[in-house]
Amino acid sequence: MVSKVADEPQMLSKKAGCNSHGQDSSYFLGWEEYEKNPFDPVTNPTGIIQMGLAENQALARFMSEQRGYKVAFAPSNIVLTAGATSANEALMFCLADQGDAFLIPTPYYPGFDRDLKWRTGAEIVPVHCTSGNGFRVTRAALDDAYRRAQKRRLRVKGVLITNPSNPLGTAVPRADLEMILDFVAAKGIHLVSDEIYSGTAFVPDSFVSVLEVLPSTRAMADRVHVVYSLSKDLGLPGFRVGAIYSSNPGVVSAATKMSSFGLMSSQTQHLLAALLGDKDFTRKYLAENKRRIRERRDQLVDGLKEIGIACLDSNAGLFCWVDMGHLMTQHGRSFEGEMALWKKVVFEVGLNISPGSSCHCREPGWFRVCFANMSAKTLDVAMQRLRAFVETTTNSKGGSALRRAPAAPARSMSCPLAMNMKWALRLTPVSADRKAER
């Protein structure tokens, strides 16, 4: 059960309540009037017809379909942005003032240090999770992070989670979502759920949106916000289609103003509406994409297991959370040893992986390894290189690499190749965002 929401004098940021944007000019009056009197062919045939929201309606239907129609999305609660990066930053501007803090479970996506903090002035306080329970969030860890924020005289405005997690590749269990909701309710703060990997969950029923377990009370609905993007689910990283979903009118209004600085082009919106309107295509695409992700993940996990490297059990995402601590020959199992190993893997082995410390993991030796951005043959080459490195490293220590498996059991993980559409690739520059990450 979610406890009663605590009183909070100022839920949104000062900027969110500011009227200097110009949104109140006559230019925007038509939008406001539509919200008051929307056309419906049955219930309100004389109402105002909105001629610019086809993409919102298509996206709302698609997001609902992604969640097995267990959640209904209102198009009027969607704010389109140029990717998830813009969506997350806009939410920070809406919810937090400079110096306010958000709690984020570790390990977390390294880009959050840029996306959430750089221009907004907001702070991140890590919620330290451990391998002992598969890096799941606990109430004790949340309470500890909240206390640490208070000691720093930071006002905590909310919790931000990624579900499924980047870099763990795991969906947040329903029980954990209920616990997190109970925590934010007790503290009277917000919850932002970044669900950009929702369509990559390849184990049936493993992904549960926070909106599925959200209590029906108005107070809680106003404090829970979802970020979404098409970059992962449809393999369109350079398409720059992101969205904020919120039932809080103040957040929707403020985020709409913020979106002026990160708009999607009209051409993109038109193509988006046409793409998502093809229900048969999107259904088949998503099913095939999940199958390929699982296939590619299994290829990586099996290859790593053969050379004595274990992974965290995963059910979503385009990467694996890999334990390579036993390969740290310099400085022992420490962050210095982790960086020394990372440099060898990147500069000598020729594999670009991400050290856990870049994701704020407190346990050295973990690495994020992506598998969905290459062919099966290229992944085989990567495994051959890593095998040679492991054998050399272990032999230099006087043992056999293939017999020296980590203490933790190798847990299954699967990841498939995302099906990037040829037409989308032609529209997207080759350099598109490592940035493409978001």
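## Basis of the model

Helices (H or I, at least four residues) and strands (E, at least two) are DSSP runs, numbered from the N terminus. This is a predicted model, in which local features need pLDDT of at least 70, side-chain atom pairs count only at pLDDT 80 or more, and totals for chains, interfaces and linings use all residues. Residues are numbered from 1 along each chain as its sequence is written, and side-chain values use heavy atoms, with hydrogens and water left out.

## Arg67, between a helix and a strand

Arg67 sits in the loop between helix H2 (54–66) and strand S1. Arg67 is buried, at a relative accessible area of 3%. Buried means under 20% relative accessible area, exposed means over 50%, and partly exposed is in between (1.4 Å probe, protein chains only).

The Arg67 side chain makes a polar contact with the backbone oxygen of Met63, at 2.9 Å. A polar contact is a pair of N or O atoms within 3.5 Å; within protein, one must be able to donate a hydrogen and the other to accept it, and residues adjacent in sequence count only if both atoms are side-chain atoms. Leaving aside neighbours within four places in sequence, Arg67 contacts Phe73, Glu195, Ser198, Phe207, Ser209, Glu212 and Tyr228. Contact means heavy atoms within 4.5 Å.

## Helix H9 and its cover

Helix H9 spans residues 249–258. Its buried residues are Val251, Val252, Ala254, Ala255, Lys257 and Met258. The cover over these residues includes strand S1 (78–81), helix H3 (84–95), strand S6 (224–229) and strand S7 (242–246).

The N-terminal end of H9 is capped by Asn248. A side-chain oxygen of Asn248 lies 2.9 Å from the backbone nitrogen of Gly250.

## The H5 and H6 pair

Helix H5 (residues 139–151) packs with helix H6 (residues 174–187) at an angle of about 30°. Their axes are 10 Å apart. Axes are lines fitted to C-alpha atoms, for helices over the stretch in contact, and angles run from 0 to 180 degrees between N-to-C directions.

On the H5 side, the contact uses Arg139, Leu142, Asp143 and Tyr146. H6 brings Met179, Ile180, Asp182, Phe183, Ala186 and Lys187. By class, the residues of this contact are 6 nonpolar, no polar and 4 charged. Ala, Val, Leu, Ile, Met, Phe, Trp, Tyr, Cys and Pro count as nonpolar, Asp, Glu, Lys and Arg as charged, and the others, Gly among them, as polar.

## Thr162 in strand S4

Thr162 belongs to strand S4 (residues 156–162). Its relative accessibility is 15%, which counts as buried. Thr162 touches Phe112, Val172 and Asp194, not counting residues up to four places away in sequence. The Thr162 side chain also reaches the backbone nitrogen of Asn166 at 3.5 Å. Pro105 is 57 residues from Thr162 in sequence, yet 8.7 Å away in space, C-alpha to C-alpha.

## The open sheet

An open sheet of 4 strands runs in the order S8-S9-S11-S10, with antiparallel pairing. Strands S8 (310–311) and S10 (354–355) are at the edges with a single partner strand each, so one side of each has no neighbour in the sheet. Two strands pair if DSSP finds at least two bridges between them.

S8 and S9 run antiparallel and are joined by 2 bridges. Ala310 stands opposite Asp323 in S9. S9 pairs with S11 over 5 bridges, again antiparallel, and Trp321 stands opposite Arg368 in S11. S10 pairs with S11 (residues 366–370) over 2 antiparallel bridges. Here Ser354 has Arg368 in S11 as its bridge partner.

## Around the sheet

Helix H12 (residues 335–349) packs on the sheet, touching S10 and S11, with its direction at about 30° to that of S11. Helix H11 (residues 279–306) lies across S8, S9 (319–323) and S11, at about 15° to S9.

In S9, 5 of the 5 residues are buried, so this strand is largely enclosed by the rest of the structure. Phe319, Trp321 and Asp323 are buried on one side, Cys320 and Val322 on the other.

His326 lies in the loop between S9 and H12. His326 is partly exposed, with a relative accessible area of 22%. Its side chain reaches the backbone oxygen of Gly308 at 3.1 Å. His326 and Ile309 are 17 residues apart in sequence and 8.6 Å apart in space, C-alpha to C-alpha.
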